[in-house]
Amino acid sequence: MDNGVVMRAADIGGSGSGSGVGRYLGWLERERGLVFGGYDALWRWSVAEPEAFWASIWDHYGVRARRGYERVLGSVEMPGARWFAGAELNYAEHMVGDLDTNSDSDALAITARSQSRGPVELTYGELRERVARARAGLHELGVRAGDRVVAYLPNVPETLVAFLAAASLGAVWASCAPEFGARSVVDRLAQVEPTVLLAVSGYTYGRTYHDRRDEVSAIRAGLPTLRHVVEVPYGEHPLPETMAWDELLAAEGPLEFDPVGFDHPLYVLFSSGTTGLPKVIVHGHGGILLEHLKLHGLHLDTRPGDRALWFTTTAWAMWNITISAMLHRAALVLLDGNPLAPDLGAQWRLGAETGATLFGTSPGYLMACRKAGLAPPRWPELRSIGTTGSPLPAEGFDWVYQRFGGDVLLNPISGGTDVCSAFVGGGPWQPVYRGEMSGPCLGVDVTAFDPAGNEVVGELGELVIRAPMPSMPPRFWNDPGDARYRSSYFDAYPGVWRHGDWTVVSPRRSFVITGRSDATLNRGGVRLGTAEFYAVVEELPEIADSLVVHLENGRDGQGELALFVQLTPGTELDDALRGRIKDALRGQLSPRHVPDSVHAVPVIPRTLTGKKLEQPIKRILQGAAAREVLSPEAMNDPSALDAFTELAARR
């Protein structure tokens, strides 16, 4: 697993006064008398003394509470840990609350780009005014603490304004992106029984306009608790019988923030919902505030005046994470529409145009740029490139540093919707290891377990969290007795959070995530991660995308290893290409990785948030009916199932 150091911490100023972690270390020495000689020592203290660590985050970042906490951590049991009991605060106050000097009123808060309308920019002063007006408007509609305000909105400034206004009232936010079909939206939003819906009538994706009026009508019909619908002007046609956005903002009122308990719901996030109704994951004001102060400040190195660009939709936890850059008074670069329009280099040009200091993207995008031989622009403000969503192959590290040099930190992170943060990643005080994630995040006691619950190093294991985090969900919505919550994370190892990823932890405590544990291939008793297959196969110029499953036969333990490939335009899957695929897997991985069969399919099935559907496809190929294992509404392209159901019928 030792792929070597790409960059040492000293090369990126990890202990310098300019970085967030450098300032935090100086504060710990002055205020707590604590000195740490390296990141590993700092991390070990953060998990050995969780109360001291999280209290330091509270104090270092000046958390404003209307009522102080009685104790940092009342219990370390999972589930059931209770953080900062007695505290009353509001996340939105920390995002846009006035500073004592109002010194940031003229500072940039948002610069937005879209294929549906022209650019929009807002200062912090302008953003505060709009949040105050939206708060007053929602209050006039009867919204109070605990009510649910939901959105069918793209990644535009109005979405952030509405969310912060709702949060300021103590209302609970939930959102779905407008590319979701009506059934997917209702499956999610109906579970929280909302009173107010904000929606658009359509949007442009690249050069194609998508009329969503019928979807909005069906969503309204499926949400009987709605009392009001507000239209955000974005599409080409008006929505009937709605309140206009300008009308909502017509009311005037002060920018206030109602104090709520630490665990009071801030928003809910939804699981992919590939089978059954999506899980409704509750995230509290306090847990998200502290976790995102830490993640942005110490790992993503977000600073006042920075500009954060991370392409996401409002249906993905990365939206919630990215907007929290404003906790450190950075500006957001919002992008809505097709991120590859008009071409592969569009996101890089936007980063250069806006002077992004943090450029966040997916490993797939970086590898596609590498594969295409793209030469992206370089700009002086860029300090870090973040990736998440899937593993980044070692060759992706090479490409980034060849193109951007050693002044830019490549920072792959991995976490989940479940905690709305990262478990593992990097930062300015950590080395960058080729093909790996630098280490555990501060305050996260993350490691790997074997099936018996023993910690393993240097071999494949289940990614687990051995101690509570403030942003672990206090509960699921409508989950009597926490039955679904417990079964989701604590069924394998009682009292230990099992996340559902396979990982390898090195002796130096760097991490490689190899894929979802429910999709891991077990061939002849040897576990194979799917991510390593994709890293090899998708490097071939003929392959646009791929998916691999292992179909056990119950006899010899070998079963069938089936590989499915989506070909680049103009390519044919013949024996020669099959041979090159197998040779690449044999040569770069091992003979065990060579598939028994290779099939071409029109498109690889993915969820609406882009995850490959390995386990549902496996069950379909084993004879299960598609409707029993997968909701088409949870898919990016439901027609992607057709090739697999046809193949299953022939088997």
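Modeller: From α12, residues A346, Q347 and W348 meet Y365, L366 and C369 of α13. Contact here means heavy atoms within 4.5 Å. By class, this contact has five nonpolar residues, one polar and no charged. Nonpolar covers Ala, Val, Leu, Ile, Met, Phe, Trp, Tyr, Cys and Pro; charged covers Asp, Glu, Lys and Arg; the others, Gly among them, are polar.

The model is predicted, so local features need pLDDT of at least 70 and side-chain atom pairs 80 or more, while totals for chains, interfaces and linings use all residues. Residues are numbered from 1 along each chain as its sequence is written, and side-chain values use heavy atoms, without hydrogens or water.

Now the geometry. Helix α12 spans residues 346–354 and helix α13 spans 363–371. Their axes lie 11 Å apart, at an angle of about 105°. The two helices are therefore roughly perpendicular (65 to 115 degrees). Axes are lines fitted to C-alpha atoms over the stretch in contact, and angles run from 0 to 180 degrees between N-to-C directions. Helices (H or I, at least four residues) and strands (E, at least two) are DSSP runs, numbered from the N terminus.

Step back along the chain. P342 sits in the loop between β18 and α12. A cis peptide bond joins A341 to P342, with omega about 0°. Most peptide bonds are trans.

Next comes β18, residues 331–336. This strand gives four residues to the lining of the largest cavity, the largest share. β17 (307–310) and α11 (317–323) each supply at least two. Among the lining residues are N155, W310, W319 and L334. By class, the lining has eight nonpolar, three polar and no charged residues. The space inside is about 60 Å³. A cavity is a set of points on a 1 Å grid where a 1.4 Å probe fits but cannot get out; lining residues have an atom within 4 Å of a point. Its volume is the space filled by probe spheres set on the points, which are joined across faces, edges and corners. Five cavities reach 30 Å³ or more.

G405 follows α14, with a positive phi near 75°.

Conventions:
On a 1 Å grid over the protein atoms alone, a cavity is a set of points where a 1.4 Å probe fits but cannot get out, and a pocket is an open set with protein on both sides within 12 Å along at least five of seven lines; lining residues have an atom within 4 Å of a point. Angles under 35 degrees count as roughly parallel, over 145 as roughly antiparallel, 65 to 115 as roughly perpendicular and the rest as oblique.
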